[in-house]
Amino acid sequence: MKLHIQNNFTSQLPADSLEANVPRQVYEACFSFVDPLKPSRPILIHASTEVAEEIGLSKEDLQSDDFLNIFSGNTIYAGTKPFAMCYAGHQFGNWAGQLGDGRAINLTEITNKNKSFTLQLKGAGPTPYSRTADGFAVLRSSIREYLCAEAMFHLGVPTTRSLSLMLSGDQVLRDVLYNGNPAYEQGAIVSRVAPTFIRFGSFEIFASRKDLVNLKLLTDFTIKKHFPNIKEEDVHKYLRFFEEVTQATLKMIVEWQRVGFVHGVMNTDNMSIHGITIDYGPYGWLEDYDSGWTPNTTDNQHKRYRFGNQPEIALWNLYQLANALYPLIDDAKALEAILEAYTSNYEKKYLSMMQDKLGLQNKLNDDLFLVNRLTELLEKAETDMTIFFRNLSNITKEDSAVLAFDRIKDAFYNEKELIEDTLKYWHDWFEIYTFRINEQILTDLERKEKMNLVNPKYVLRNYISQLCIDDSEKGDYSLLNELFEILKNPYDEQPDFQKWFAKRPDWARNKVGSSMLSCSS
Ligand code: AMP
Ligand code: MG
């Protein structure tokens, strides 16, 4: 097994001067060197051949002892020195101070085919940033992270990738609902891959400590290594960097809204500077379309991270990044101009994305009315988002409003909920929609094909991952293997797997793990 090591982050940025692995505040450093803890009995559950290929590993490599040992933290790859990153963050809108990689350990940076990657283990033991927690992860949350990152990638949503999922052989104590009922669960380790794991909080920590030397060092490093297209100098360079992060973040949020993904913990320590989705914790997928829904029980009271609030929160987080970069820029107006453009750009991109979902190629500004009315109606009665949009592509130009409506009826959880008024509203909506469809140049079939490229058939529904977890906890990984394959082609019909194109069953409505998740992972 051969990796092309390239330790830029650790060789060009300041390290923690202490090497003792004890929880502490770490100053004037971007990271601490720390080795993973040796797992008792690592077992490989699954590995991604595609991600392996991305980083220059073969199928055979994945089966090797070397792979098992290195990606479980049992041994350290020659010439590398694992490290945990130091960062801070705003959690649920409040300043939380130093956070850092409390249970993530970066193995190394590598290059392959002119691309750089950081390889990271999640759940491989404590670091100086673990605070009072143990540094481990359980099988349940590791399956959720492992599967979802890959599902998102294949949906076309910017994300970290998953390389492998292993059991550590150790038991980990968790209180799933924080209600005083801790129980032992199987420990697991996910290895994940990203161009970098630098996040908004990486800059916030130095700004909050008025450590401008390291703030500048980190920002210059990040731009040079990760935004090589930025050619501006001085203040303009930093402004351009902020603008690029803003645009990438916006793009990611539009994609989340397109597929119905709710991150659940959009704290600034979970916001990547590349605008890729990181840290799959108490995330969830909209089943019934509800802009007020959050899967995260910790956020139940204020629902700060609810589906409909994600664009707003991303902007809030960008304000925090702007504040952190301000000492390098010293031009509030210029930063504000970028932040203000976010809102209008978001509105434009959102409308365009929704027009794509509706199959409207000749895009009119008036479609905003159609889109807004649709999202209102989707909330009036429980309606499955994925099924609704997928079935919408079955409508033909000849359909009456009533027939068009009939084609999406499967998406309702309880048709009886559709009282007379609502039914009339729906018919009115389809009246306009079918009119708009008839203005499209594409044939019905062409439009259907186009729509099916943006409206997935298969997403990692909350209840499906819970079923997969239940089986996996008993040692049966067949569903995990199956889901991993299905989710590689989320836009394909895959008739053999039609059973996963189904509404959430009743048992999952209020079930822990399906509709209610906590940060306990
Ligand atoms: P999250 O919101 O899951 O990204 O985590 C927020 C912070 O808590 C990060 O600094 C994590 O590293 C840390 N953290 C979460 N779970 C653990 C754990 N089991 N052990 C140590 N640190 C943790
Ligand atoms: Mg995190």
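Predicted model: local features only at pLDDT ≥ 70, side-chain atom pairs only at ≥ 80, totals over all residues.

Trainee: OK, where does ligand 1 sit?

Mentor: You'll find ligand 1 in the largest pocket.

Trainee: And how many residues surround ligand 1, and which are the closest?

Mentor: There are 17 around ligand 1, with Gly100, Gly102, Arg131, Gly135 and Asp279 the closest. By type, that shell has seven charged, six polar and four nonpolar residues.

Trainee: What does the side chain of Asp134 do with ligand 1?

Mentor: An N or O atom of the Asp134 side chain is 3.2 Å from a nitrogen atom of ligand 1. Gly135 has a polar backbone atom 2.8 Å from a nitrogen of the ligand. Then there's Asp279, where a side-chain N or O atom lies 2.9 Å from a ligand oxygen.

Trainee: How much of the accessible area of ligand 1 does the protein cover?

Mentor: On its own ligand 1 has 480 Å² of accessible area, and the protein covers 83% of that.

Trainee: Switching topic: what does the domain assignment give?

Mentor: Domain 1 (8–200), domain 2 (219–355), domain 3 (361–383 + 394–451) and domain 4 (462–508).

Trainee: Why does ligand 1 lie between domain 1 and domain 2?

Mentor: Because both of those domains give residues to the shell around it.

Notes. Residues numbered from 1 in each chain as written. Chains lettered and ligands numbered in written order. Heavy atoms only, no water. Near = heavy atom within 4 Å. Polar contact = N/O pair within 3.5 Å; in protein donor to acceptor, adjacent residues only side chain to side chain. Areas by Shrake-Rupley, 256 points an atom, 1.4 Å probe, with all protein chains shown as cover. 1 Å grid on protein atoms, 1.4 Å probe; cavity = no way out; pocket = protein on both sides within 12 Å on 5 of 7 lines; lining within 4 Å. Sits in = over half its atoms within 2 Å of the grid points. Nonpolar A, V, L, I, M, F, W, Y, C, P; charged D, E, K, R; others polar. Domains from an automatic or database assignment.
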